[in-house]
Amino acid sequence: MKLTKTLLTIGLISTAAFADGAFHMGAKFGGNYNMVWNVDNKITAKEILGNIGVPSYEIEEELGTADASINDLDKLSGMGFHFGFTFKYQVTDMFAIQPELLISYRGRSVKASVTGTDSENSYYDDDYYYYGNDDYEGFEETIDIPEIEINQWFFDIPILARIQTNMGLFFNIGPVLSFNMSSELKATLASIDIEDYVSTFVFGMAGGIGYSVDLGNGKSLDFDVRLHMGLTSLISDDIAISNDPTDPKFDGTKIVDPKDFNIVFAMAFWFI
């Protein structure tokens, strides 16, 4: 009986909202330019070993002044798209609440490189030979690696506050809840599922500006641009080092901690 009354109440409220024009619904689609932030342009082997708990004296014993680094991961970027439904509850003529349900594809790629630095105490090749030379400052070589491509599908739920002017211009800002549906990493001739290594849920904020065109008969068309900035990591904070269950786990975000940074441009057709 209580459930019936609750459903009836919800139905009456929804009917009233439609009746007085307070509730609107539309279809939305657009593109996104996807980047990352909070990523250093150089991640060294010593930093990785230190962050997974290897004592500094062991690192020094094994590597000495030798090191290696992965470069340019901060340049991970690419295009994507999104589509779904947008809803608007008009609180006043100038203020509305605008939640959305969107399927979003975010593609990113980078042509990174690895820089290797040999120990200052010994090095040789075809042309030069060094051994125990304290004046030698080390040898550094950079090698390009195959392009890395990361493709992800998210279910995004922006919940935005919307401020509308009487000239058609509007502004919106609010949180975005994103659920990872699939993640894939591709390199030359190979691709792997990386869902176990990425966060299932990420949280961010979005804000932007747009223009609304009144089409008459209660219909309108919106054009808007937003910045979407992630506040939580795209990487899982619990990654297994190996398949051996006796091995410890480490926080992957201590090594690399990328977060969403996307430019989103879209069009929405309000049909209700």
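Start by selecting R106 and F154: R106 lies over the face of F154, 4.1 Å from the ring centre. (A charge counts as over a ring when NZ of Lys or CZ of Arg is within 6 Å of the ring centre and within 35 degrees of the ring normal.) This is a predicted model, where local features need pLDDT of at least 70, side-chain atom pairs count only at pLDDT 80 or more, and totals for chains, interfaces and linings use all residues. Residues are numbered from 1 along each chain as its sequence is written, and side-chain values use heavy atoms, with hydrogens and water left out.

Next, select R162 and F170. R162 sits over the face of F170, at 3.8 Å from the ring centre.

**Aromatic pairs**

The structure holds 6 aromatic pairs. Y105 is in strand 5 (residues 95-110) and W153 in strand 10 (residues 148-164), 48 residues apart. (Strands are DSSP runs of E, at least two residues, numbered from the N terminus.) Y105 is buried at 18% relative accessibility, while W153 is partly exposed at 30%.

Move to F179 and F201. This pair is tilted too, 5.4 Å centre to centre with 50° between the planes. F179 belongs to strand 11 (residues 169-187) and F201 to strand 13 (residues 201-216). F179 is partly exposed at 33%.

Now select I150, L185, Y197, I235 and V256. Of the 26 residues lining the largest pocket, these are the closest to its centre. (A pocket is an open set of points on a 1 Å grid over the protein atoms alone, where a 1.4 Å probe fits, with protein on both sides within 12 Å along at least five of seven lines; lining residues have an atom within 4 Å of a point.) The largest pocket holds about 800 Å³ of space. Strand 10 gives the largest share of its lining, 3 residues.

Finish at K88, Q90, Q164, S212 and S220. They lie nearest the centre of the second largest pocket, which is lined by 16 residues. Its volume is about 300 Å³. Strand 13 supplies the largest share of that lining, 3 residues.

Definitions and conventions:
Phe/Tyr/Trp six-rings, centres within 6.5 Å; stacked < 30°, edge-to-face > 60°. Helix = DSSP H or I, 4+ residues; strand = E, 2+ residues; numbered from the N terminus. Buried < 20%, exposed > 50% of the residue type's maximum accessible area, 1.4 Å probe, protein only. Points joined across faces, edges and corners; volume = space filled by probe spheres on them.
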